[in-house]
Amino acid sequence: MYIHTKMTKRDSNTVNRNSTPDAAGTQEENLSVGAAGENAIKRRRFLELGLMSLAATGIPHTAKPSVDSRHTTSAGNQSRAVNDLMSKQSDSFETKMGQLKKAWESGDYRLVRSLGDSIRNSAIQAQVTDGDIGKPVVGSTEYGEVSALPQTWKAWANGWKYYKAIGVAESAGIARKAEPVEALLAFPADQVSNLFREIRVAAITNGELKEVTSQVYGVVRRGEEYLCNVMFLADNNGREKRKFLVLYGNPDAELPNYQTDLSVKGEGFKLEIENQYYIAYLSEQTGQLERMLLKREHGTELYAGGPGHGETPCIDWAHDYVTEDNFMKARIQYWGTCPDFEIVKGPICTIVRRWGFPYSALHPIYTPSRLLIDIEYRFYAAQPYFYKIGDMRATKDFIATALRDDEWVFTGQPFNDSLWISTDGKVNLGEIDEANKFNVGGFGYFNRDTKDAFVALYLEHTAAVLPEPLHTGHSMLYYNWHGTTWSRYPLERNQKVSEGAVLHQKNAYTITPFTATEGPAHIEVLRKQLLAQMAVTASAITPGTTAAAAGTRLARPGEAADSEVDKAALWSALRDCKDQQLYISDVNIVELGYIYDLSVNRGIVNVLMTMPHRGRPLSSFFVWGSSSVHRAVSKTIVEALMSISGVNRVVVEQTWYPEWNTNFITGEARKKLGV
């Protein structure tokens, strides 16, 4: 017998790692964003205490959609069952706030800081269980059974039990090739083992099913439903409506391992993100885009050198504002580290979201909490652009002497000419003239000799409880003789910003080569394409649908009830592994969602697992070293799996991605734990 345990950060460009099979449905992870909804990802800091976690709600950077009440909260339905256990084992938000007030009034500021951290953890858990996730494009009751599909499709999808049919429509008349598309979908909990492991997306092409690369994130449980965002790559010849099947319901499915050109190195928000067009480097201090390498010719590197105004330089300097009476600037560039953040990684898209109140130059003497800034980057596979999505939300009335929502600085003169885009989408070469300075739909720089370029496409720019934002543009091709810079000020100077006001933006930044003759047309088409993204709707497979024979099946070896060792027996054996630190709950590691994946190859069982938080970092406790208060029934992972016929070796790999949260817990365990 050979037993091996290894630790890994698992921070490459793999799909989301998470799982938990359960007959009634189990699973979870988070990270995310949604079309009209939201999603979930990773995060956080409090005072000087670092705490990484994973939220099970989304990234709402568009107007909040109307939400079906089924998907907003489960707390109301479960509160009576939860109260008895929770009141004994934890403390409520109201209790903590009362303690906080007492501590503040008594001058016990160390206790205030500790309570603040505890309240933050309560907020994290509330976001996981009750956060608004939006309304799904396809509801949980809209599904079909694979057994009812045409025979050739049914054979191809053997191992999967259910499907959802969706339509993807292109309206702008622009051909799309492997373009990312996403939708929020809902599933009955009793049909699901683990959405991260089992979801597959197939395009219907000339009557044939063909698997396409997909990515699942933002999985949450709300009552008897699971919801998640499904992103996949879609082709379209322009003005077509094509059908896709989202297949699920396969307890034997394993985490897919799609290969794309998108790779991610690093942990937390200090990431190096690469595709075939560029390498983006995020600041280890703030998570801002610090540098970018353009992958062509000799590889021009975009950077901002020097000490700036005392802060760490990045090429992305927004967002910030100048406080009342022109007293000081408050900016996210002053963060010592991200106050809060969430990360999504996958084969199609890496999402980095950060939010918090900007710091002053004399932090923490001046700590204004009047403008919450929320920034999200999205980097895609095989695309020469990335997104920046931002919200600035006022939490009280204040006066902004000046406010910026876009600023870029490039040192070393990598560019020698500029361009700007009017709000009608037309590209103009040179600097913005006086007559059009409030009519800017984009801005950029290019080099006439090298053809290198960096162009911002302003896709969304809106305001709520404020006047229409100013669509301005301000640039300096030779900024202080060391570089180039442009910025955007969406408000008039000394503007009153009322509580509840929101400034929203969605920008795309492209680095495709640019020439004065061919570049404008290319940029105009790209902007039109990004403004008219393909729409996802519910669809159906009608009787008599033409179905062609498929050359290969969907299932990988071991995914269609054909594993050399019965996977159901392996999962059942793992239920004998209990978490002894929960002394009397009698819950096992499968119910708790610690097991993300399980596969078998030549008698070797490979297990991917996590731990509930970084304060308990050692999965080896469960692998071979666990003693248990449930001695009559509890086993180690090795003991449990080696008891199954055909198993001759066990390999356990530990991961921190995605970070565990209560959405991983099965329905059975939720009852035991009062969750």
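Visitor: Are Phe-269 and Phe-341 buried or exposed, and how do you know?

Guide: Both Phe-269 and Phe-341 are buried, a word used because the relative accessible area is under 20%, whereas exposed means over 50% and partly exposed lies in between, with a 1.4 Å probe and protein chains only. This is a predicted model, in which local features need pLDDT of at least 70 and side-chain atom pairs count only at pLDDT 80 or more, while totals for chains, interfaces and linings use all residues. Residues are numbered from 1 along each chain as its sequence is written, and side-chain values use heavy atoms, with hydrogens and water left out.

Visitor: What makes Phe-269 and Phe-341 an aromatic pair, and of which kind?

Guide: Rings of Phe, Tyr and Trp (its six-membered ring) pair if their centres lie within 6.5 Å, and planes under 30 degrees apart count as stacked, over 60 as edge-to-face and the rest as tilted. By this rule the model holds 37 aromatic pairs. For Phe-269 and Phe-341 the centres are 4.9 Å apart and the planes at 85 degrees, and the pair is therefore edge-to-face. Phe-269 lies in the loop between β12 (263-267) and β13 (270-274) and Phe-341 in strand β19 (residues 340-344), so the pair ties together parts that are 72 residues apart in sequence; strands here are DSSP runs of E with at least two residues, and helices are runs of H or I with at least four, numbered from the N terminus.

Visitor: Why is the pair of Trp-408 and Phe-454 called tilted?

Guide: Its ring centres are 5.0 Å apart and its planes meet at 50 degrees, so the pair is tilted. Trp-408 belongs to strand β26 (residues 406-411) and Phe-454 to strand β30 (residues 453-464), 46 residues apart, and both residues are buried.

Visitor: What makes a group of residues a nonpolar core, and which members of the largest one touch the most others?

Guide: A core is a set of buried Ala, Val, Leu, Ile, Met, Phe, Trp, Tyr and Cys residues joined through side-chain atoms within 4.5 Å. The largest core has 66 residues, of which Ile-199, Phe-232, Leu-570, Leu-574, Ile-637 and Leu-641 touch the most other members. Strand β10 (residues 225-236) gives the most to this core, with five residues.
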